[in-house]
Amino acid sequence: MADPGRWVVVGLDNGGTTNNATVLDGDGQFLVDHMVESPSYVKDGPEKAVEALARALDQVLELTGMPRSVVRAVGLDTPGPVSADGVIAAQGATNFANADWCGFDVRGALESRIGLPVLYNNDANAAALYAHHAYFGPVRAEERSSVSVIVGTGLGGGVVESGRVVRGAAGMAGELGHVWVPMDGLLGPGQPVPACNCGLSGDAESVASLTGIEKNLLPHWLARFPDHELARVPVGVAAKLVRGYGEAGDPLALGIFEQQAMAIGRLFTIAANFTDPDVYFLGGGVVEAAPHFRDWFLERVREHTVLREEQAQTEAIALVPDLDMAGARGSAIAASTTVR
Ligand SMILES: [Zn+2]
């Protein structure tokens, strides 16, 4: 029988097709060191998806041999836009295409289903919280601040102050992808100001995301390299292939990633003057690439991040570790802070 004082929290990372789950104990140790995945059934609507989350909880508890009676809280994260309390945006969200999701309180529904307190974060905020705690450790984490940028289909962000996610009044703090960054000196001659799905032009996500490559950067760069192999591939497919070309040193791909690095560096420069964090974290596909390419990209980002001398002496740019597990782990850390 387990130690009677022992308690755990569970982290559930909800994605479009799969859930990933983890367990964190009261001593701050993760009880699983790998992905514990199961189908999320998000496309089948809220009812099946909440059931799937409840199953993911049971599954990870069974795997770790933890009875449900020792679970104090559950952390949940999903892709956005979702309110700070876990209500899916009323106008819908890309990841929650089924109409029943619009305005659905996923946090509240899971809490009623499992009878345990559920704490919600969006996926980027959960990953930011994990990066922060993994980097600083549990004691120093509470004294430090960080800003995270995660480059994927979009550009996710998170701001952590004194170990806690800054949520904002409407739960929209840390939406770093939709911060305008200066485009002068970033865009090439004749390159149109890139547009973002959010309606803004020239924000960080319009350049530094897979969507930005597909919609904005690749069309421009293919016009400059009309004989490039990628010109013969549909643009949506070609966009996903750019990273591989970058790893091989292809000039078109390097041009695209240089623009992305510049956008991220400018975003970090804004952060330097806004919250002046201890660490700037970078995560996503481009930094999970071959090491030589990852290092090249990180160096370009550093080069375009303008820090004052005092900042440069104390601050660092680092990678988001274990990105595939960061959502579940960050959700668990968030849940554990409600128990302590
Ligand atoms: Zn935007």
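# Zinc site, helix packing and local backbone features

The site of the zinc ion is tetrahedral, with angles of 104 to 115° among its 4 donor atoms. This is a predicted model.

**Zinc site**

- The protein donors of the zinc ion are His 178 through ND1, Cys 196 through SG, Cys 198 through SG and Asp 203 through OD, at 1.9 to 2.3 Å from the ion.
- Along the sequence, these donor residues follow the spacing H-x17-C-x1-C-x4-D.
- His 178 and Cys 198 both lie in the loop between β8 (164-165) and α4 (204-207), so this pair ties together parts that are 20 residues apart in sequence.
- His 178 counts as partly exposed because its relative accessibility is 27%, between the limits of 20% and 50%.
- Cys 198 is likewise partly exposed, at 39% relative accessibility.

**The loop position of Ser 201**

- Ser 201 is located in the loop between β8 and α4, and its relative accessible area of 38% makes it partly exposed.
- Apart from neighbours within four places in sequence, Ser 201 is in contact with Trp 180, Val 193, Pro 194 and Ala 195.
- Between Ser 201 and Asp 105, which are 96 residues apart along the chain, the C-alpha separation is 31 Å.

**Packing of α7 and α8**

- Helix α7 (residues 251-274) packs against helix α8 (residues 291-304) at an angle of about 45°, and their axes are 7 Å apart.
- This angle makes α7 oblique to α8, and the crossing in which α7 passes α8 is right-handed.
- On the α7 side, the contact is made by Leu 254, Phe 257, Glu 258, Gln 260, Ala 261, Met 262, Ile 264, Gly 265, Arg 266, Phe 268 and Thr 269.
- On the α8 side, the residues making the contact are Phe 293, Trp 296, Phe 297, Arg 300, Val 301, Glu 303 and His 304.
- His 304, found in helix α8, counts as buried because its relative accessibility of 16% is under 20%.
- Not counting residues up to four places away in sequence, His 304 touches Glu 258, Ala 261, Met 262, Gly 265, Arg 266 and Thr 269.
- The C-alpha atoms of His 304 and Glu 258 are separated by 9.8 Å, although the two residues are 46 residues apart along the chain.

**Packing of α1 and α2**

- Helix α1 (residues 46-64) and helix α2 (residues 106-114) cross at roughly 55°, and their axes come within 10 Å.
- At this angle α1 is oblique to α2, and the crossing of the two helices is right-handed.
- The residues of α1 that make the contact are Val 50, Glu 51, Leu 53, Ala 54 and Leu 57.
- From α2, the contact is made by Val 106, Ala 109, Leu 110, Arg 113 and Ile 114.

**Asn 125 in helix α3**

- Asn 125 lies in helix α3 (residues 123-141) and is buried, with a relative accessible area of 5%.
- Leaving aside neighbours within four places in sequence, the contacts of Asn 125 are with Gly 157, Gly 158, Val 159, Val 165 and Ala 173.

**Backbone features**

- Most residues other than glycine have a negative phi, and most peptide bonds are trans.
- The peptide bond from Gly 80 to Pro 81 is cis, with omega near 0°, and Pro 81 lies in the loop between β4 (71-78) and α2.
- Tyr 41 has a positive phi, near 50°.
- Tyr 41 is placed in the loop between β3 (37-39) and α1, where it is partly exposed with a relative accessible area of 32%.
- Ser 162 also has a positive phi, near 50°.
- Ser 162 belongs to the loop between β7 (155-161) and β8 and counts as partly exposed, at 45% relative accessibility.

Key
Residues are numbered from 1 along each chain as its sequence is written. This is a predicted model: local features need pLDDT of at least 70, side-chain atom pairs count only at pLDDT 80 or more; totals for chains, interfaces and linings use all residues. Side-chain values use heavy atoms; hydrogens and water are left out. Donors are N, O and S atoms within 2.8 Å of the metal (3.2 Å for Na, K and Ca); water is not among the atoms, so sites may look incomplete. Four donors count as tetrahedral if all angles lie between 85 and 135 degrees; four count as square planar and six as octahedral if opposite donors are over 155 degrees apart and all others between 65 and 115; anything else is irregular. Helices (H or I, at least four residues) and strands (E, at least two) are DSSP runs, numbered from the N terminus. Buried means under 20% relative accessible area, exposed over 50%, partly exposed in between (1.4 Å probe, protein chains only). Axes are lines fitted to C-alpha atoms, for helices over the stretch in contact, and angles run from 0 to 180 degrees between N-to-C directions. Angles under 35 degrees count as roughly parallel, over 145 as roughly antiparallel, 65 to 115 as roughly perpendicular and the rest as oblique. A crossing is left-handed if the near helix is turned anticlockwise from the far one by less than a right angle, and right-handed if clockwise. Contact means heavy atoms within 4.5 Å.
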